[in-house]
Amino acid sequence: MRFLFRLILRITVVCVMLAVIGAALVLSALWHFGRGLPDYEQLADYQPPVLTRVHAGDGRVLAEFASERRLFVPVEAMPRLAVRTFLSAEDKSFYSHPGVSLPDIARAAVQNLMQRATGAARRPVGASTITQQVAKNFLLTNEVTLERKAKEAILALRIERALPKDRILELYLNEIYLGVGAYGVAAAALNYFNKSLDELTIAEAAFLAALPKAPNNYHPQRYPEAARDRRNWVLGRMLEDGVINDGQYQQARAEPLVTRFRGETDAVRADYFAEEVRRELLARYGENGLYRGGLSVRTTLDPRLQGIADRALTRGLIAYDRRHGWRGAISRLDTAASDWPVRLSLVPKPPGFPSGWYGAVVLQLSPAGAEIGFADASRGFIPFGEIQWARQRRDEQKLGPPLKSPAEALSVGDVIAVEPLESSPEGRRFFALRQIPNIGGGLVALDPHTGRVLAMSGGWSFELSQFNRATQALRQPGSSFKPFVYLAALENGFTPASLVLDAPIVIDQGPGQGKWKPANYSRNFFGPSPLRVGVEQSRNLMTVRLAQHIGVDKVVDVAHRFDISDNLPSLLSTALGASETTLLRLTTAYAELVNGGYKITPTLIDRVQDRSGKTIYRHDPRLCESCRTEHWPAEPAVLPPALPETRERVVDAATAYQMVSMLQGVVDRGTGRRIKDLNKPLAGKTGTTNSSFDTWFVGFAPDLAVGVFVGFDNPRTLGPNETGASVAVPIFREFMADALRNKPAIPFRQPPGVRLVRVNAQTGLPAQPGERDSIWEAFKPGTENLVARPVLDGGTGQAPAMVIPATDQGGGLY
């Protein structure tokens with residue numbers, strides 16, 4: 001008995017000593033590994049990097065900017081299915097353990113010992129809880145060492161004491177990387193299935209929960225069997241944990257693993273617009289705010305108008321390029337070799353190659369056309385009629401003689417771009433010869449009342465050049481600046497019927513500067529003509545005389561009020577558009593004419609919200625409490641709420657309307673008359689600079705302002721006889737034709753006080769009864785006396801001038 005007592009005593013002492021030693025070792029380990037650990041309390045206020053999403057005006061996604069493509073979703077907003085699926089796959093005892101799971105650690109230790117005993121070269125089995133994964137992902141590295149595991153466990157215990165379970169789970173589900181660039185479960189649901197979390201099926205949720213351990217090993221397209229097996233394993237865990245029943249399990253197992261990646265979804269494409277938005281957001285919120293701030297941006301983009309803008313500009317650039325000949329094949333192949341289809345498939349497509357075009361090689365030539373082959377060994381035919389445009393291109397954008405046969409443009413072995421023709425004879429595929437234009441251009445459309453940019457196309461292809469010709473190209477506007485010279489005249493006592501002499505003029509520019517002799521584009525002179533005709537026919541000599549008489553400083557003042565350019569010199573050449581501006585600024589200035597003379601600020605962004613949904617920017621800051629209603633009465637008698645008018649006035653409404661009326665004459669009778677057949681109230685002005693370096697048309701309907709610019713990025717001539725009327729007007733016309741299709745023909749809005757008098761359109765004199773060439777001219781009260789009209793001959797003004805014989809032919813902008 002005494003022996004037994006002593007034995008028990010000894011065992012007890014040994015156990016106590018071992019316990020003390022073990023406790024000392026544990027405390028020592030905690031002290032050793034716990035030194036210098038990262039501050040886990042920062043997780044309480046941690047906000048993960050979240051992508052900034054940019055939406056078009058209709059809500060569709062336009063662009064996303066992120067350092068990590070993550071969507072943050074609060075855990076309470078996550079569907080229970082998604083949460084419980086991840087718990088079954090990763091940590092079923094999450095809500096019961098203190099941060100580490102001793103049973104899982106024991107199980108992993110046994111499995112690792114068995115692997116070592118059998119010599120299996122496998123990665124050690126882990127037993128990390130969700131809390132431990134949070135500690136590793138946020139505070140530690142990914143190295144596989146005992147020291148890191150010890151630190152991970154210590155941090156997990158500390159995190160559990162500092163944060164509630166739901167917060168830990170929220171951090172985990174929004175932080176984990178799940179492949180294909182997706183961080184967090186919400187981003188993964190979109191990237192893999194194009195669904196929100198609450199739209200996922202059981203099988204889809206199980207697949208996402210299968211990814212955290214090794215997302216690249218379970219890519220559904222590269223490793224479909226491994227991905228399906230791992231998903232089914234998760235489904236088994238869900239069945240075991242009671243998350244789903246047997247029927248749901250069987251149905252989910254049978255469901256095919258079908259992904260729909262984000263690139264396959266319906267998204268808005270407007271690369272130049274999106275890049276302009278990115279630059280503005282970067283300037284406003286910095287890199288951290290843009291790429292990590294989780295902003296939600298609603299832009300002004302109208303996808304329908306953007307599509308029209310891209311098509312119109314593309315077709316316009318192609319039309320110009322075809323008028324100026326063929327620049328040659330993309331490459332050459334030996335078609336005698338039987339493997340020519342393989343060789344053709346290896347020829348890289350040049351940047352900016354459109355999706356609807358194909359690369360082809362010329363196999364045979366005949367008088368009727370060219371036999372071509374494709375990389376899949378199929379064949380097609382280009383009729384000679386689709387090759388005839390490909391004349392030899394010479395210097396100064398001039399052309400060689402007309403083609404007599406396809407062999408004058410193409411050779412067997414040429415690799416070329418082709419586009420299918422819409423109608424082909426049965427059994428044959430016909431194509432048209434194409435080439436990527438080397439000319440640049442831009443188109444911008446905006447709401448003239450608010451400044452909201454509805455569409456913006458900055459060139460042929462964003463892939464080819466990210467330079468935005470709508471916002472970044474500083475170019476001379478030429479005659480598209482003239483309306484602001486005439487506007488200054490209307491502000492200083494002139495009327496649209498006032499007469500100005502259209503005759504040669506010489507301007508003495510001062511000592512050592514020589515004499516400037518501007519000329520009309522036609523090189524003809526037409527004598528005394530009304531201001532209206534000067535605008536409609538783009539008369540240079542009348543414009544210079546007018547600017548000389550009223551003073552260039554007044555013209556510069558108007559240009560500054562309309563924000564056309566920052567530093568306009570007080571020179572007469574400014575009146576002919578010699579100072580540089582951008583397409584967006586000039587289009588905005590035209591919009592301020594048609595909106596009645598109000599200042600607007602062009603904007604691409606309507607609203608910005610932060611990651612919590614709080615609005616931090618609005619383009620229109622006006623408050624409208626009566627607008628905050630869920631339903632608007634259907635009765636027509638109920639008027640919408642009146643918003644306060646906060647826009648600054650840059651010109652009085654009557655003067656603005658007179659200018660609009662004159663610009664409408666440009667479309668009806670002048671240099672923009674190609675647009676007249678649309679039969680809609682439209683107005684605008686062409687612009688062409690010296691030697692046809694730049695071509696413009698800027699105009700508007702009552703509720704839509706549009707500007708078009710076409711020119712080479714490195715300024716050079718567009719060629720003989722190319723003007724704003726031949727290059728830019730067709731693009732404007734095509735855009736307006738589609739944009740206003742099925743829209744009512746709304747007339748330009750006439751402000752109160754303007755008096756309309758019927759006059760002859762060419763002379764400005766009162767129209768006779770039955771006179772055909774008559775119009776309603778707009779006058780301010782008291783200025784409609786058309787009996788005594790002196791002719792401005794340039795005899796007075798700020799600079800000396802003299803009339804010279806009509807035989808002198810000067811140069812200048814037109």
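Predicted model: local features only at pLDDT ≥ 70, side-chain atom pairs only at ≥ 80, totals over all residues.
How many bridges join strand β14 to β25, and do these strands run parallel or antiparallel? Residues are numbered from 1 along each chain as its sequence is written, and side-chain values use heavy atoms, with hydrogens and water left out.

Now, the answer: β14 (residues 499-502) is joined to β25 by two bridges, and the two run parallel. Strands here are DSSP E runs of at least two residues, helices are H or I runs of at least four, and both are numbered from the N terminus. Two strands pair if DSSP finds at least two bridges between them. The open sheet has three strands in the order β17-β14-β25, with mixed pairing. Because β17 (527-530) and β25 (791-792) each have a single partner strand, they stand at the edges, and one side of each is left without a neighbour in the sheet. Within the sheet, V500 stands opposite L792 in β25.

Next, two loop residues. S579 sits in the loop between α17 (552-561) and α18 (583-594). S579 is buried, at 13% relative accessible area; buried means under 20%, exposed over 50% and partly exposed in between, with a 1.4 Å probe and protein chains only. Beyond its neighbours within four places in sequence, S579 contacts R475, Q476, P477, L568, P569 and T574, contact being heavy atoms within 4.5 Å.

Finally, T259 is in the loop between α10 (246-254) and α11 (271-292). T259 is buried too, at 14%. Thanks, everyone!
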